[in-house]
Amino acid sequence: MVERYARKEMSEKWTQQAKYDAWLKVELAAVKAWNKLGFISDEDCEKICTKAKFDVDRIDEIEKTTKHDVIAFLTSVSENLGEESRFVHYGMTSSDCIDTAVALQIKDSLKLIIDDVNSLQDAIKSRAYEHKNTLMVGRSHGIHGEPITFGLVLAIWYDEIGRARELLEHAKKVISVGKLSGAMGNLAHAPIEFEKLTCESLGLGVAPVSNQVIQRDRYAQVMSALALLASSCEKIAVAVRHYQRTEVYEAEEYFSPGQKGSSAMPHKRNPVLSENITGLCRVLRSYAIPAMENVALWHERDISHSSVERFILPDGFITADFMLMRLTNLIKNLVVYPENMMKNLNLTGGLVFSQRVLLQLPKRGITRENAYKIVQRNAMKVWADLQEGKKAIDEQGHSLFLQNLLADEDLQKSLNADEIKECFNYDYYTKNVDKIFDRVFGKLSKFAFEFN
């Protein structure tokens, strides 16, 4: 289903046509390597490189008899050649062709995924500077903690996605190797230069040592990198879903004209995109386990990995590509409600300033234990007052917590009214936002002055 909506550039990398194109590319690179080594004449090399082609339908027809896809492919290719066909696949085993070709497919697919990640980071970065100083409440355990800014939330997302990108780049390096070492990996039927020349012409490195296959820990690194990326993307999607909850309503997905949220309830505007992203990320993570299970093959190889990879590689990359594009658009179009963020920040009657008050008292000689008791007893009164229906903020703009503190005689012995009121200053909590942004985005960020 995802493939139906996926970017054409990615989905086309995993078609049957693309698979056999990559196989042929490897086979022709091998022919050229044999030519450079003097084993195949210039004339035969030119004939093969000019005339070699295949037909997908013909391969399918042949495979019904051979029950072997590589042999069916080679038969289709040879039908378009003359006697020179004897040099195609010379000294090679099936996995020499397949694994080297798949490395090309994965390498190219990872380039697209990394481009997607860069676009996602650009979108997050832009919104982070837009909301660098947009106040909101920070939450732990889902409970109000202290004031933060929405820009800091976005900066965390940006930084985390950056680490995922680094893992993808490393995985691309790990997977970008080929092997033409023969049936048991001992290079018995070809000089070692043959493998080097073939891989170099394909833009790949050479696996330093291999058996009949490229070792599957390389594939596992790729799928694990995608899985970790998915975990971070789901983290963002889950946050959006929480922000869109009616009780919170600090941000929501863009709801386009004519869009419908429910067949039964016309008022509904549901976070369908972020819920979809959450589900896709679960699928992507699930592919990491079979990729790891594929590492342990019998002796020099078996084919238990093959059926797994026919699913997880195309599905994984196509799903990741689609998910990243969806998430990027979600971030770009996310509707943010700063007024509701401030409303929620004041919801608990000033309790978000409790630590600021707590930290002032040890400076005046009060033990931390006694300071905690003073602040907590006044905070607990606020919870009770809120339950009784009292306003969190009075007509003078004083919060319930501030009112309680100003009436506390023990506290007055250490802090005067002005000193207590100063603890309720939002600027205290945002004074280092610029420095944090410099650490995350760099001082010379092109976005640094765009939204100021």
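Which residues are exposed on the other side of helix 4? The structure is a predicted model, in which local features need pLDDT of at least 70, side-chain atom pairs count only at pLDDT 80 or more, and totals for chains, interfaces and linings use all residues. Residues are numbered from 1 along each chain as its sequence is written, and side-chain values use heavy atoms, with hydrogens and water left out.

Helix 4 covers residues 42-51; helices (H or I, at least four residues) are DSSP runs numbered from the N terminus. Its buried residues are Asp44, Cys45 and Ile48, where buried means under 20% relative accessible area, exposed over 50% and partly exposed in between (1.4 Å probe, protein chains only). Viewed down the axis of helix 4, these buried residues fall within an arc of 100°, so they line one face of the helix. The arc is that of the directions from the helix axis to the C-beta atoms. An α-helix has 3.6 residues a turn, so residues three or four places apart point the same way. Asp42, Glu43, Glu46 and Thr50 are exposed on the other side of helix 4. Helix 3 (16-36) is included in what covers the buried residues of helix 4, by contact (heavy atoms within 4.5 Å).

Helix 10 (residues 217-244) and helix 13 (residues 304-333) have axes that come within 11 Å and cross at roughly 30°. Axes are lines fitted to C-alpha atoms, for helices over the stretch in contact, and angles run from 0 to 180 degrees between N-to-C directions. Helix 10 and helix 13 are therefore roughly parallel to each other (angles under 35 degrees count as roughly parallel, over 145 as roughly antiparallel, 65 to 115 as roughly perpendicular and the rest as oblique). Residues making this contact include Tyr219, Leu226 and Cys233 of helix 10 and Glu309, Gly316 and Phe317 of helix 13. The contact residues divide into 18 nonpolar, one polar and one charged. Ala, Val, Leu, Ile, Met, Phe, Trp, Tyr, Cys and Pro count as nonpolar, Asp, Glu, Lys and Arg as charged, and the others, Gly among them, as polar.

Glu309, found in helix 13, is buried, with a relative accessible area of 9%. Not counting residues up to four places away in sequence, Glu309 touches Arg216, Tyr219, Asn294 and Pro314.

Helix 10 also packs with helix 8 (residues 150-175), at an angle of about 165° and with the axes 8 Å apart. Helix 8 and helix 10 are therefore roughly antiparallel to each other. Their contact has 22 nonpolar, three polar and three charged residues.

Notes: Helices (H or I, at least four residues) and strands (E, at least two) are DSSP runs, numbered from the N terminus.
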